[in-house]
Amino acid sequence: MTTFNQMVDDVLVYLRSFTRDQELSTHLVESLTASALTVQVNDASLISRGRIEIDDEVMWVDSVDRANNTIAFAPYGRGMDGTTAITHASLSRLIVQPLYSRQMVKDTINQILGGLGNQLFAVDTATLTANPRTVSYDLPASTQRVLNVLAGDFTTFGDSEYVRRWKFDPQSTVSDTGKSLYVYDPTMTGMTMNVTFFRSPVQLGNGDSFEDTLLPGTCYDVIVLGAAARLMSTATSYLASTRAIEPGSLDKQVDPNQITQQSRYLFTLFQQRLEEEKVQLLHSYVTRTHYTG
């Protein structure tokens, strides 16, 4: 099971592979509470005034005491750039001037997941309880396309079978969710109906894993490539001119267009893999033949 944090690590691996100088880092030698404005580190000589990152929190260092290996944060320096001030354990890694903060990478991954739209669907299911007195059933608001409806169960009503007469209304006025399923086949009271449907991928939060997106496992690299390409395309001019790798020239600045070429390379890989996954998904989940009335 691949966690959200592991996804972030994989995106950062792509980004670091295109940079010449890597981030400096040291570690805490004591715990840092969520409200503390000073902390002792292992080697303060590596740190200067500016941004640092510990775990998922970005902080602003206001001063450095190199003699005592202590750093002090500005009054506004905890939980910067949309991150949250939290407690950090002793020995936690401290990154100096991070190329891309972990929170930025997480936000970008979710932007890619949210922007797939109708290109790459996630597969989800809903369980309905049959009522012979109605033909209309509410579906989740996330439903975009119904693939099949399987009715019955093995314990009470015998073998399950696919419903042949149903219709999906994506703009329903009779459903609280705005999505309705109309079932015209005869049903029995209490019978279970399992609906398989396409929806947008689920965005991730801390503690989630890639499986929570509801995308097939083979789509993992699609999301990682998409996030890396987007982050590379938004790199600052400083990153473009001083940190990008140009073959055979590790000791001089490079053409700023080099970073654009690297971003396009990643984006091309992303598009290629996206097309492959779209075809595979459509072949794996075919809407079963049914009647709409």
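How closely do the axes of helix 1 and helix 3 come, and at what angle do they cross? In this predicted model, where local features need pLDDT of at least 70 and side-chain atom pairs count only at pLDDT 80 or more, totals for chains, interfaces and linings use all residues. Residues are numbered from 1 along each chain as its sequence is written, and side-chain values use heavy atoms, with hydrogens and water left out.

Two packed helices are described by the angle between their axes and the distance between the axes. The axes of helix 1 (residues 4-16) and helix 3 (residues 220-233) come within 9 Å and cross at roughly 50°. Here axes are lines fitted to C-alpha atoms, for helices over the stretch in contact, and angles run from 0 to 180 degrees between N-to-C directions. Helices (H or I, at least four residues) and strands (E, at least two) are DSSP runs, numbered from the N terminus. Helix 1 and helix 3 are therefore oblique to each other; angles under 35 degrees count as roughly parallel, over 145 as roughly antiparallel, 65 to 115 as roughly perpendicular and the rest as oblique. On the helix 1 side, Gln6, Met7, Asp10, Val11, Tyr14 and Leu15 meet residues of helix 3 that include Tyr220, Ile223, Val224 and Leu231, contact meaning heavy atoms within 4.5 Å. The residues of this contact divide into 12 nonpolar, one polar and one charged. In this scheme Ala, Val, Leu, Ile, Met, Phe, Trp, Tyr, Cys and Pro count as nonpolar, Asp, Glu, Lys and Arg as charged, and the others, Gly among them, as polar.

Helix 1 also packs against helix 2 (residues 102-115), at an angle of about 100° and with the axes 10 Å apart. That makes helix 1 roughly perpendicular to helix 2. By class, the contact of helix 1 with helix 2 has seven nonpolar, two polar and three charged residues.

Turning to the strands, an open sheet of six has the order 1-6-3-4-5-2, with antiparallel pairing; two strands pair if DSSP finds at least two bridges between them. Strand 1 (24-27) and strand 2 (38-40) stand at the edges, each with a single partner strand, so one side of each is left without a neighbour in the sheet. Neighbouring strands of this sheet are turned by 40° against each other on average, direction ignored. Strand 1 is joined to strand 6 (residues 93-96) by four bridges, and His27 has Arg93 as its bridge partner in strand 6. Strand 6 is also joined to strand 3 (residues 50-54), by three bridges, with Glu53 partnered by Ile95. Strand 4 (residues 57-65) and strand 5 (residues 70-73) pair over four bridges, and Val64 has Ile71 as its bridge partner.

A further open sheet, of three strands, has the order 8-12-11, and its pairing is antiparallel. Its edges are strand 8 (136-138) and strand 11 (166-169), each with a single partner strand, so one side of each is left without a neighbour in the sheet. Three bridges join strand 8 to strand 12 (residues 180-183), where Ser180 stands opposite Asp138.
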